[in-house]
Amino acid sequence: MQTFVSQSEKETEQFAESFAKTLKAGAVVAFEGDLGAGKTAFVRGLARGLNCKDSVSSPTFAIVNEYDGALPLFHFDMYRIETLGELYSVGFFEYLERGGVCAIEWSENIYSALPDDSVFVVIEKIDENTRKITVKEGKE
Ligand SMILES: Nc1ncnc2c1ncn2[C@@H]1O[C@H](COP(=O)(O)OP(=O)(O)OP(=O)(O)O)[C@@H](O)[C@H]1O
Ligand SMILES: [Mg+2]
């Protein structure tokens, strides 16, 4: 387990950028954190760390956005996912096999479908610009 206190969006992105270098093909990064915690900011840093060219936007309506990089990045937003059937419809289980990095916002909604070796990134809002970021390996 690793903890980092970020004082700005930029620091969160920089932390995520170096964290990205530790990820291997097939990695699943599962985010936990409220609205506006900084999950998408973290994914922007991941994309930079993986040398993705396109800029990251929130996939809320698409459910998943794909970015080409050193490893492909699959960015999910599970905010609206309520059933296992919906997860199958978006092809989630195929994405897990595609040798990329799956970054999953609102992973709480699909916890039972997450691989046991997912890396959990928990982002807590301390105040306006301060976030406590905890990285945990594997399901509890
Ligand atoms: N230390 C920080 N790290 C990350 N974001 C921060 C920080 N301090 C302030 N912010 C602000 O918090 C917001 C984070 O927004 P972001 O879209 O990344 O959140 P999110 O967790 O993805 O929310 P949502 O659940 O709506 O998708 C931004 O407006 C950002 O500027
Ligand atoms: Mg977001």
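This is a predicted model: local features need pLDDT of at least 70, side-chain atom pairs count only at pLDDT 80 or more; totals for chains, interfaces and linings use all residues.
Student: Which pattern of helices and strands does the protein chain follow along the sequence?

Tutor: Seven strands and four helices make up its secondary structure, and, read along the sequence, they follow the order β-α-β-α-β-β-α-α-β-β-β. The protein chain is as compact as a globular protein of its length, because its radius of gyration of 14 Å is close to the 14 Å that the globule rule gives for 140 residues.

Student: What share of the contacts links residues 24 or more positions apart, and what share of the residues counts as buried?

Tutor: Among contacts in the protein chain with a separation of 6 or more, 58% are between residues 24 or more positions apart. Of the 140 residues, 50% count as buried, while the protein chain exposes about 7,300 Å², of which carbon and sulfur atoms supply 48%.

Student: Which residues coordinate the magnesium ion (ligand 2), and are they buried or exposed?

Tutor: The magnesium ion (ligand 2) is coordinated by OG1 of Thr40 and OE of Glu105, at 2.1 to 2.2 Å. Thr40 belongs to helix H2 (residues 39–49) and Glu105 to strand E5 (residues 101–105), so the pair ties together parts that are 65 residues apart in sequence. Both Thr40 and Glu105 are buried, that is, under 20% relative accessible area. Since water is not among the atoms, the site may look incomplete.

How values were computed: Residues are numbered from 1 along each chain as its sequence is written. Chains are lettered from A and ligands numbered from 1 in the order in which they are written. Side-chain values use heavy atoms; hydrogens and water are left out. Helices (H or I, at least four residues) and strands (E, at least two) are DSSP runs, numbered from the N terminus. The radius of gyration is taken over C-alpha atoms; the globule rule is 2.2 Å times the number of residues to the power 0.38. Buried means under 20% relative accessible area, exposed over 50%, partly exposed in between (1.4 Å probe, protein chains only). Contact means heavy atoms within 4.5 Å. Accessible areas come from the Shrake-Rupley method with a 1.4 Å probe; for residues, only the protein chains shown count as cover. Donors are N, O and S atoms within 2.8 Å of the metal (3.2 Å for Na, K and Ca); water is not among the atoms, so sites may look incomplete.
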